[in-house]
Amino acid sequence: MSSDTLAKIPAVPDAPDHADSLRIVPQRRFGQWAAAVVVLALLGLALTSVLRNKAFQWGVVADYFTSDAVLRGLWLTLWLTAVVMVLGFALGTLLAVFRLSANPVLRSVSWGYVWLFRSIPVLVQLLLWFNIGALYPELFGVKTVDLLGPAQVAVVGLTLHEAAYAAEVVRGGLLSVERGQIEAAQALGLSRWRRLWRIVLPQAMRSIVPPAGNMLIGTLKGTAIVSVIAVDDLLFSAQLIYHRTYQVIPLLMVATLWYTVVTSVLGVGQYYVERHYARGSERAR
């Protein structure tokens, strides 16, 4: 290239000396800030209304919050939730394995179970089990009334109900594992059950834990329904007190606050369990 040609090329302007010439002005979002102010104002008004409303009788709430009857009901609620979740997921995992089995009989039984127990409301199931003595007065040579008390009926009814939903949660988690992982385990000569417990389930937990955590919280709150069959849970304990004292709202607030505290703790635990099983994936970031 000749010197005359180079002289015709316009010179490139020098880079700016100061960063101010490249300052980026953020977009102003007046609408979002106005909406946030309105929402905070409404929340403040609602909170003020609740705290200043004398009908809540916060002094009574404080008196009964840690009373012996309420704490006994809370303990039974926690125990019932734990038992139902363990048994429900144990049965649900078995049903999920049946559903993915090559055996058509096992697949049909699993599908029928899930269909049946998801179709019947849990309250109806509890009432049916509570009145099982009308259908079968004796089981295994023992009177049904003596064999199944209210607490046992609650465990059986809630477990069978939860197992139907747990089966679908576990099945979805198992299907989320890549087929290549299973084929690699087969190439290593691992048996079917070792592939399931050592390879598939640990990876499936990433998909199982979030809905399982939601089920746990839902089961905790759902145990309140057992009060209809006179199981002395948290809600039933509060009901017994306000039937005696006629302080309905304060005792309902006691139960509400305890449910809120426990579900909040479970939510925090769910967060850390999800992080544990999401290690090495984008979800953990």
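Colleague: How do the residues of the lining of the largest pocket divide into nonpolar, polar and charged?

Modeller: In this predicted model, the lining of the largest pocket has 12 nonpolar, two polar and three charged residues. About 500 Å³ of space lies in this pocket.

Colleague: What makes Leu 100, Ile 182, Leu 196 and Val 200 nonpolar and Arg 192 charged?

Modeller: These five are the closest to the centre of the largest pocket, out of 17 lining residues. Leu, Ile and Val count as nonpolar, whereas Arg counts as charged, so the classes follow from the residue types.

Colleague: Which elements give two or more residues to the lining of the largest pocket?

Modeller: They are α4 (68–99), α8 (150–175), α9 (179–187) and α10 (192–222). With five residues, α10 gives the most.

Colleague: How much space lies in the second largest pocket?

Modeller: The second largest pocket holds about 350 Å³ of space. It is lined by 19 residues, and those closest to its centre are Met 85, Phe 89, Met 205, Ile 208 and Ala 212.

Colleague: Which element gives the most to the lining of the second largest pocket?

Modeller: That element is α10, with nine residues. The elements giving two or more residues to this lining are α4, α10 and α12 (248–277).

Definitions and conventions: Residues are numbered from 1 along each chain as its sequence is written. This is a predicted model: local features need pLDDT of at least 70, side-chain atom pairs count only at pLDDT 80 or more; totals for chains, interfaces and linings use all residues. Side-chain values use heavy atoms; hydrogens and water are left out. On a 1 Å grid over the protein atoms alone, a cavity is a set of points where a 1.4 Å probe fits but cannot get out, and a pocket is an open set with protein on both sides within 12 Å along at least five of seven lines; lining residues have an atom within 4 Å of a point. Grid points are joined across faces, edges and corners, and a volume is the space filled by probe spheres set on the points. Helices (H or I, at least four residues) and strands (E, at least two) are DSSP runs, numbered from the N terminus.
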